[in-house]
Amino acid sequence: MLAWLPFRPTIRMRLTLLYGGMFLMAGVVLLLLMYFFVRQALHDVAPQPFNFGVLNANGSVSSNLLVNGQPMSSGQLNDALAAVHEARSTSALNTLLQKSLTVLVCLAVIAFAAGYALAGRVLRPLGRITRTARDVASSDLHRRIELDGPDDELKELADTFDGMLDRLDRSFDSQRRFVANASHELRTPLAINRTLLEVQLSDPAASPDLQQLGKTLLATNERSEQLVEGLLLLARSENELTDRRPVELSEVATRALEQTRGEADKREVDLRSKLDPAVVGGNGVLLERLALNLLQNAVRYNTPGGWVELATAEVPGGGELVVSNTGPVVPGYELEHIFEPFRRIKGADRTRSDKGVGLGLSIVRSVVRAHGGTIEATPRAGGGLTMRVRIPKP
């Protein structure tokens, strides 16, 4: 019903229109009733008809009266008086109607303004609930509404929301403790296994078969370590950052390029860069991991002789990091799934450990969300992808 309005039909505006509209309707009804009653009253006070006679000089009676030298009968005089009364009544009613409409319009404006202020006061607790919910969405789970006032529906809503936040806070604390414990329990045995395998491989007396078995087990152990690290990083980066600091995006990209250059040379992939200064707000370590994962993904899912281009630039409201690469053609319907954990594009080799554990792009998406940014993946016409990440300013 309110789609025709030139502004957003908020609850406050709807309440304002409701208050003002009800007042306006009541004023119109009151004005019509007053007009009817006043008109009836003027009709009741109309002059009574006269019936007179004039005695002539010869002793006869005449029914005419001289008015301004002109003879006038009783009927003519009554008609004249009635016409004068009707004209004056109509003029008085029109004046009353005009002044009443003017007063009604002024009072309607005052009613709309008072309704707007009253609606704002009534909805003030709801605005407080909304602001608290927005802060909680920024991972500040320690915030509470703690609404005081009468025990009405809004206070009941606020108390219910506070109770939900208490349960969520306890749940996230439990999750953080689990992540810390899992980090310790999973990393330690994997590190011990890696040490034992490296010691065994360093033994010159080991047979070739034992050397090959040790290398296979070491690669499997390294893959398990990558999986654990990826899962832990994915769990830590799910929540939005509360401590943001200025980070130079080109510097982050440069460090990621240095870490990826060796693997790119090994796979015969050319690395290109166009790094313009761009300052964003966030965590430098997580942003470096974001750029590194995008570069590693672009290098590993490429073709020999292909290229990967990394670019940074300043855009309105923040900074942009773009990674483009050659490679196999990516169907458009696969793009909505590539950020899911352990998902690979159809046709990708799932047995080779050198292509990661399937968490790289999931971690990228989690880091982007934690920074309040956006990520967009588009396929290139000749094969490969273009990943466009935007991070807001500090």
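Asn-293 is buried, with a relative accessible area of 6%. In this predicted model, the residue belongs to helix α7, which covers residues 284-300. Because the limit for a buried residue is under 20% relative accessible area, the value of 6% places Asn-293 in that class.

With neighbours up to four places away in sequence set aside, Asn-293 is in contact with Gly-360, Ile-363 and Val-364.

Helix α8 spans residues 360-370 and includes Val-364. Eight of the 11 residues of α8 are buried, so the helix is largely enclosed by the rest of the structure. After the helix comes Gly-372, which has a positive phi near 70°.

Val-364 has a relative accessibility of 0% and therefore counts as buried. Apart from residues up to four places away in sequence, Val-364 touches Leu-290, Asn-293, Leu-294 and Ile-375. One of these, Asn-293, lies in helix α7.

## The chain as a whole

The chain has 394 residues, of which 33% are buried. Its secondary structure consists of eight helices and 11 strands. Among contacts with a separation of 6 or more, 69% join residues 24 or more positions apart.

The chain exposes about 24500 Å², and carbon and sulfur atoms supply 59% of this area.

Phe-23, Val-103, Leu-107 and Ile-110 make a nonpolar surface patch of about 340 Å². The greatest contribution comes from helix α2, residues 74-122, which gives three residues to the patch.

Leu-107, a member of the patch, is found in helix α2. The relative accessibility of Leu-107 is 39%, so the residue counts as partly exposed. This value falls in the class between the limits of 20% and 50%.

A patch of negative charge on the surface gathers Asp-151, Asp-152, Glu-153 and Glu-156. Glu-153 is part of helix α4, which runs over residues 153-201. Because its relative accessibility is 64%, Glu-153 counts as exposed; the class requires a value over 50%.

Gln-200 also has its place in helix α4. When neighbours within four places in sequence are left aside, Gln-200 is in contact with Ala-206, Leu-210 and Gln-211. For the pair Gln-200 and Gln-211, the separation is 11 residues in sequence and 8.1 Å in space, C-alpha to C-alpha.

Note on methods:
Residues are numbered from 1 along each chain as its sequence is written. This is a predicted model: local features need pLDDT of at least 70, side-chain atom pairs count only at pLDDT 80 or more; totals for chains, interfaces and linings use all residues. Side-chain values use heavy atoms; hydrogens and water are left out. Patches are made of residues with over 30% relative accessible area and no salt bridge: like charges are joined within 9 Å, nonpolar side chains (Val, Leu, Ile, Met, Phe, Trp, Tyr) within 5 Å. Accessible areas come from the Shrake-Rupley method with a 1.4 Å probe; for residues, only the protein chains shown count as cover. A salt bridge is a side-chain nitrogen of Lys or Arg within 4 Å of a carboxyl oxygen of Asp or Glu. Lys and Arg count as positive and Asp and Glu as negative; His and the chain ends are not counted. The place of a charge is taken as NZ of Lys, CZ of Arg, CG of Asp or CD of Glu. Helices (H or I, at least four residues) and strands (E, at least two) are DSSP runs, numbered from the N terminus. Buried means under 20% relative accessible area, exposed over 50%, partly exposed in between (1.4 Å probe, protein chains only). Contact means heavy atoms within 4.5 Å.
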